[in-house]
Amino acid sequence: MFLLIICENKLLSNTRKQTFVKAALQANKITITHPAMLHTKSDFEFIKSKLARNLQPWKAGFDVLAASGFVSLNYVANPQIKIVRGGKTREEPDPDNYSNAYRDAAAAYQLGLMYNLTGNTKYADKAVQILNAWAITNKSITGNSNKFLASGIYGYQFANAAELVRGYSGWKAAEFKTFQNWMLNVWYPLALDFLQRHNGTCATHYWTNWDIANMTTILSIGILTDDQSKINYAVDYFKNGIGNGNIFKAVVYRHKVGDEDLGQGQESGRDQGHATLNISLYGAFCQMAYNIGIDLFAFDNNRVLALAEYTAKYNVNTTNDVPFLPYKNCDPGIEHKVVSSGGRGNVRPCWELIFNHYAKIKGLKATYSQQFASKLRPEGGGGNYGPNSGGFDQLGFGTLMYSR
């Protein structure tokens, strides 16, 4: 019934279409079995069975995680009263300090992985210590417009770290509630405001990554707090949103080249650093939805796969050509006429998730995503791709966590 409603509504107005989609989601109420964001209990059981026999590529992936400085039991968090991204500006005179957020989120996530894979509660204790410190210290996210990048990218990362230890007996119920309230009171309002108003600009002014990051934060908070309405909002935005996180606006053209389905991205003419960032964010968004029973990977005949294949084909080596049609957004000064070579070959640990889902789980062809996954294997995470924010924009460790 749900799929039928979606198909039929292609003939309806956008307003009526959104109403039907929301009704369908509400009618199909989701029952969440935690953990249920990027990783589930069955995922950990599967991976532990492989590690117990020292099987590859899982062992290689685990070795990268175990060697990370962020899984040190001596790690010291540095929570900030306010997270500043876009500081030293008219809107925020204080300097940037958001590196503390992305480093501590990465540490809490990696410690959570180690706890679930080894059973060593010392890793859980350290993760909880980091998460509690932020929940009781941090009160706001500030800066110029870049504060909305912080709300999107680091929000979903903190939520995923918490999901990994939410059932741990050493995390007191009152502390976990404080953490949930922190996500609801500090992260959610900013993410929602961005998607609704786009900082007072026209709806497609901001690039795809701004939208999808904040969509991912809202979805993760919905799962963390078992809030159906937030989950519904994020899923509906993926299909019908006013901004470029809407998958129909993120993939501006689908090119058929022989048997290849290549989805030109909204940021393909901007630069490849951001084009590949979108793959990591859509991968996380779709994986979280998939783990609660909503298959957005398959939506519109695998539209996310088309985007990934286009992006991977152009970036996996410098000899591949991709088709490109001119793109303009709502701002008169933005017009792309050629695919951008800026940042070409950019490396992000995001390809194992895409390749393994489509090729191993769905049995579909994912030629260039597979090539990129093979090239980067074993994938690392925060701390393995440089000290700056780009190296922490995705949680990573896909070889360990997504190989099938």
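Author: What follows goes from the overall fold to salt bridges, a strand pair, a pocket and the cavities.

Reader: What should I keep in mind about the model, and how many helices and strands are there in the protein?

Author: Please keep in mind that this is a predicted model, so that every value below is computed from predicted coordinates. The protein has 16 helices and six strands, and its C-alpha trace spans about 50 × 50 × 45 Å along the principal axes.

Reader: What radius of gyration does the protein have, and what would a compact globule have?

Author: A compact globule of 404 residues would have a radius of gyration near 22 Å, and the protein, with 20 Å, agrees with that. As for burial, 59% of the 404 residues count as buried.

Reader: Which parts does the salt bridge between Arg166 and Asp226 tie together?

Author: The side chains of Arg166 and Asp226 meet with an N to O distance of 3.8 Å. Arg166 lies in the loop between helix 7 (147-165) and helix 8 (173-197), while Asp226 lies in the loop between helix 9 (208-224) and helix 10 (228-240), so the pair ties together parts that are 60 residues apart in sequence. Asp226 is partly exposed, its relative accessible area being 43%.

Reader: Lys230 forms a salt bridge with Asp227; are these two residues buried or exposed?

Author: Both Lys230 and Asp227 are buried, and their closest N and O atoms are 2.8 Å apart.

Reader: Now the strands. How do strand 3 and strand 4 run, and how many bridges join them?

Author: Strand 3 (residues 251-257) and strand 4 (residues 260-265) run antiparallel and are joined by six bridges. In this pairing, Val251 has Gly265 in strand 4 as its bridge partner. The two strands form a hairpin with two residues between them, and Gly258 in the turn has a positive phi of about 60°.

Reader: Which residues lie nearest the centre of the second largest pocket?

Author: The second largest pocket holds about 250 Å³ of space and is lined by 15 residues, of which Asp259, Asp261, Leu305, Glu309 and Lys365 lie nearest its centre. Strand 4, helix 13 and helix 15 (367-376) each supply at least two lining residues, with helix 13 giving the largest share, five residues.

Reader: How many cavities of 30 Å³ or more does a search of the whole structure find?

Author: The search finds two such cavities. The largest cavity has a volume of about 150 Å³, and its lining has 16 residues, of which Ser280, Pro349, Leu353, Gly396 and Tyr402 lie nearest the centre. Helix 12 (272-290) and helix 16 (398-402) are the elements that give two or more residues to this lining, and helix 12 gives the most, with four. The lining of the largest cavity divides into 10 nonpolar, five polar and one charged.

Reader: And what volume does the second largest cavity have?

Author: The second largest cavity has a volume of about 40 Å³, and the residues that line it include Thr208, Gly265, Glu267, Asn278 and Leu307. Helix 12 supplies the largest share of this lining, three residues, and the residues divide into four nonpolar, five polar and one charged.

Note on methods:
Residues numbered from 1 in each chain as written. Predicted model: local features only at pLDDT ≥ 70, side-chain atom pairs only at ≥ 80, totals over all residues. Heavy atoms only, no water. Salt bridge = Lys/Arg side-chain N within 4 Å of Asp/Glu carboxyl O. Buried < 20%, exposed > 50% of the residue type's maximum accessible area, 1.4 Å probe, protein only. Pairing = 2+ DSSP bridges. 1 Å grid on protein atoms, 1.4 Å probe; cavity = no way out; pocket = protein on both sides within 12 Å on 5 of 7 lines; lining within 4 Å. Points joined across faces, edges and corners; volume = space filled by probe spheres on them. Rg over C-alpha atoms; globule rule 2.2 N^0.38 Å. Nonpolar A, V, L, I, M, F, W, Y, C, P; charged D, E, K, R; others polar.
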